[in-house]
Amino acid sequence: MKSKTLKSFTVLEMLLVLTIITVVFILTLPNIQQKRDIINKKGCEALIEVVNSQILLYELENGDSGVSIDVLIKDGYLKEKQAQCPDGTKISIRNGQAYNE
């Protein structure tokens, strides 16, 4: 009779594969973190441009140049979550321009 042999991985092979996966993960993790920081920065810049556009729209429709974030939210020009950047910094308006603090 023929005996059936089971094909399986050895402990050494499993350790080797896990080591390779760990090394790849360690090498890519800082790159992922850096990309997230860049995305947050670009997202904040884009949101500031949206707020600037809404300031101009408010000034055109109401003829009032002294507007604040709270007024834009109250009058429906911005949503509540648009008062701060994705990284958590608040957006404020000075001299008719939006800035992040």
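Buried means under 20% relative accessible area, exposed over 50%, and partly exposed in between, with a 1.4 Å probe and protein chains only. This is a predicted model: local features need pLDDT of at least 70, side-chain atom pairs count only at pLDDT 80 or more, and totals for chains, interfaces and linings use all residues. Residues are numbered from 1 along each chain as its sequence is written, and side-chain values use heavy atoms, without hydrogens and water.

Lys-74 is exposed, at 65% relative accessible area. Its side chain meets that of Asp-75 in a salt bridge (3.7 Å, N to O). Such a bridge puts a side-chain nitrogen of Lys or Arg within 4 Å of a carboxyl oxygen of Asp or Glu. Asp-75 is partly exposed, at 38%. The count of salt bridges is two. Lys-42 and Glu-45 also pair, at 3.9 Å, N to O. Both lie in helix α1, three residues apart. Helices (H or I, at least four residues) and strands (E, at least two) are DSSP runs, numbered from the N terminus.

The largest nonpolar core has 17 residues; Val-51, Ile-55, Ile-69, Leu-72 and Ile-91 touch the most other members. α1 (11-62), α2 (69-74) and β1 each give two or more residues to this core. α1 gives the most, with six. A nonpolar core joins buried Ala, Val, Leu, Ile, Met, Phe, Trp, Tyr and Cys residues through side-chain atoms within 4.5 Å.

Strands β1 (residues 91-94) and β2 (residues 97-100) run antiparallel, joined by four bridges; pairing takes at least two DSSP bridges. They form a hairpin with two residues between them. Asn-95, in the turn, has a positive phi of about 55°.
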